[in-house]
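Please look at the sequence and the structure shown below before reading on.

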Amino acid sequence: MKPDEIRKIEAYLRMKFELSSIQVRARPRKDDSAEVYIGEEFIGVIFRDDEDEDLSWNFQMAILEIDLDEV
């Protein structure tokens with residue numbers, strides 16, 4: 001993903017989730033996706049989808065059972 005896309009998506013996620021510590025980082029050796037972090041904790045991946053006429057981004061986040069023990 002391009003740096004300007006990453007900045008816009010990061011700003012959108014920060015606004016949408018009301019969380020300024022969200023970071024979107026480029027992935028090494030991948031140009032179709034970026035990694036999402038809260039602080040230094042990896043939480044998911046955003047994939048760029050431009051196969052059809054409408055450009056979109058898909059956020060994928062896995063929640064492990066062990067993560068639920070914290071709540």
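## Burial and basis of the model

Of the 71 residues in the protein chain, 24% are buried, where buried means under 20% relative accessible area, exposed means over 50%, and partly exposed lies in between, with a 1.4 Å probe and protein chains only. This is a predicted model, in which local features need pLDDT of at least 70 and side-chain atom pairs count only at pLDDT 80 or more, while totals for chains, interfaces and linings use all residues. Residues are numbered from 1 along each chain as its sequence is written, and side-chain values use heavy atoms, with hydrogens and water left out.

## Overall fold

The protein chain contains two helices and four strands, and along the sequence they follow the pattern α-β-β-β-β-α; helices (H or I, at least four residues) and strands (E, at least two) are DSSP runs, numbered from the N terminus. Taken along the principal axes, the C-alpha atoms fill a box of roughly 40 × 25 × 25 Å.

## Charged side chains

The protein chain carries 10 positive and 19 negative side chains, and the centres of the two sets lie 8 Å apart. In this count Lys and Arg are positive and Asp and Glu negative, while His and the chain ends are not counted; the place of a charge is taken as NZ of Lys, CZ of Arg, CG of Asp or CD of Glu.

## Salt bridges

Side chains of opposite charge can pair when their charged atoms come close. A salt bridge is a side-chain nitrogen of Lys or Arg within 4 Å of a carboxyl oxygen of Asp or Glu, and by this rule the count comes to five salt bridges.

One of them joins the side chains of Glu 5 and Arg 48, at 2.5 Å from N to O. Because Glu 5 lies in helix 1 (residues 3-17) and Arg 48 in strand 3 (residues 41-49), this pair ties together parts that are 43 residues apart in sequence. Glu 5 counts as buried at 10% relative accessibility, whereas Arg 48, at 25%, counts as partly exposed. Arg 48 also meets Asp 50 in a salt bridge (2.7 Å, N to O), and Asp 50 is partly exposed at 47% relative accessibility.
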